[in-house]
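Look at the sequence and the structure below.

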Amino acid sequence: MRRITRITTVGIASAALALSATACGKSSTDSGSSSSTDSKATKAAIAYDIGGRGDQSFNDAAYAGLKKAEDELGVKGAEAEPSEGEGDADKVQRLTALARAGNNPVIGVGFAYAPAIEKVAKAYPKTTFGLIDDTSKTGPNIANLVFNEEQGSYLAGVAAAKASKTGTVGFIGGVEVPLIKKFEAGFAQGVKDTNPKAKVLVQYLTQPPNFDGFSKPDLGKAAAEGQLDKGADVIYAAAGLAGSGSIEAAATAGKWAIGVDSDQYNQAGLAAYKAKILTSVTKDVSDSVFNLIKSVKDGKPQTGEIRYGLATDGVGLADSNPEYKKMTDLIAAVDKAKKDIVDGKITVKTAP
């Protein structure tokens with residue numbers, strides 16, 4: 001194994017949420033004792049998005065891919081955390097340091113890395129750079145790892161409509177950007193196609209350039225409590241670490257929460273609330289990271305757009321909760337919707 005390289009550490013302001021504090025504590029530990037300076041070993045690095053490792057969601061999924069590459073490919077991995085309020089120059093510095101250290105590939109977790117990767121990739125043409133969730137910046141040594149989030153979210157909408165008893169469900173977006181609006185669009189369409197009379201409450205936590213909506217659980221918790229007060233009994237949040245607050249609020253009220261990116265039912269930091277995590281919209285970020293690292297190790301690095309969709313299980317709906325597995329009508333509706341999307345009978349919107 002290897003020693004994790006930390007370049008900068010993010011301080012999450014919402015330490016009041018115990019699960020968040022526990023998760024962030026894990027992210028500062030070493031996962032092995034070997035030095036990552038072995039020049040003969042393949043070295044790979046990931047630079048985390050807002051919230052960092054321990055978000056129980058997007059970043060943790062990326063880390064799982066790096067860990068798998070370490071375990072199965074013998075790769076020496078390095079990680080770098082974001083800093084609060086950072087700009088593109090900070091990201092350029094971080095990616096440059098990782099590339100200069102001999103890591104290949106270097107993967108930016110999240111669309112915010114797009115401008116920095118475009119710049120650094122030109123300076124290190126022999127290094128492959130992975131850019132997750134963005135296709136706006138391309139290059140001969142850039143792999144754009146993207147997902148059909150709207151398709152997985154459609155299935156979540158079907159599940160929410162079938163599970164709801166009040167006919168009112170909620171969507172919480174971390175930051176109002178085009179990527180998160182894909183989640184909203186698919187979810188709302190799935191709800192309405194299943195129950196045209198249902199009401200979908202929509203709230204975004206912050207507006208760019210304020211990205212706190214991806215990192216502060218207290219914002220997610222307050223938004224969920226507001227939707228619960230309006231009658232929502234199923235809440236789906238696409239908000240990174242902030243989404244853990246919405247899960248807490250829904251679970252505390254005895255209502256359903258729907259997770260995102262990772263199977264949040266199985267996240268240790270959310271164990272206190274898992275009984276009320278109905279399902280999660282999963283994105284195979286883990287495999288996208290692993291596959292890119294493997295392609296570089298094999299001497300055939302991926303480049304260009306690499307898309308993960310419902311047809312290849314690149315996105316999907318988790319069924320870890322035993323209560324979910326008991327809902328036969330719900331499962332049948334989700335399975336039918338999946339088949340119709342894959343067969344082209346349903347086209348899922350990418351914008352509300």
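The charged end of Lys91 is placed over the ring of Tyr113, at 5.7 Å from the ring's centre. Another lysine, Lys276, lies over the face of Trp256, and here the distance to the ring centre is 4.0 Å. Both descriptions, like the rest of this text, refer to a predicted model.

A pair of rings is described by two values, the distance of the centres and the angle of the planes. For Phe111 and Phe211 the centres are 6.3 Å apart and the planes stand at 50°, so this pair is tilted. Phe111 belongs to the loop between strand S3 (106–108) and helix H4 (114–123), while Phe211 belongs to the loop between strand S7 (199–206) and helix H7 (217–229); the pair therefore ties together parts that are 100 residues apart in sequence. Elsewhere, ring pairs join Phe171, Phe187, Tyr204 and Tyr236 into a cluster.

Next comes the interior. In soluble globular proteins, nonpolar side chains tend to be buried together. The largest nonpolar core of this model contains 63 residues, and Ile46, Ile132, Ile180, Phe187 and Ile293 have the most contacts inside it. Helix H5 (residues 149–163) contributes the most to this core, with 8 residues. Apart from this core lies another, of 18 residues, including Leu95, Ala99, Ala116 and Ile142.

Ile132 shows what such contacts look like. Not counting residues up to four places away in sequence, Ile132 touches Phe58, Ile107, Gly108, Val109, Gly110, Phe111, Leu145, Phe147, Val285 and Val289.

Ile180 and Phe187 are among the buried residues of helix H6, as are Lys182 and Glu184. Helix H6 covers residues 178–194, which is 17 residues. From first C-alpha to last, H6 reaches 24 Å, close to the 24 Å expected at 1.5 Å a residue.

Leaving aside neighbours within four places in sequence, Lys283 is in contact with Phe58, Asp133, Phe147, Glu149, Phe183, Asp261, Gly314 and Val315. The C-alpha atom of Lys283 is also 6.9 Å from that of Gly316, although 33 residues separate the two along the chain.

Note on methods: Residues numbered from 1 in each chain as written. Predicted model: local features only at pLDDT ≥ 70, side-chain atom pairs only at ≥ 80, totals over all residues. Heavy atoms only, no water. Helix = DSSP H or I, 4+ residues; strand = E, 2+ residues; numbered from the N terminus. Expected span 1.5 Å × (residues − 1). Buried < 20%, exposed > 50% of the residue type's maximum accessible area, 1.4 Å probe, protein only. Core = buried A, V, L, I, M, F, W, Y, C linked by side-chain atoms within 4.5 Å. Contact = heavy atoms within 4.5 Å. Phe/Tyr/Trp six-rings, centres within 6.5 Å; stacked < 30°, edge-to-face > 60°. Lys NZ or Arg CZ within 6 Å of the ring centre and 35° of its normal.
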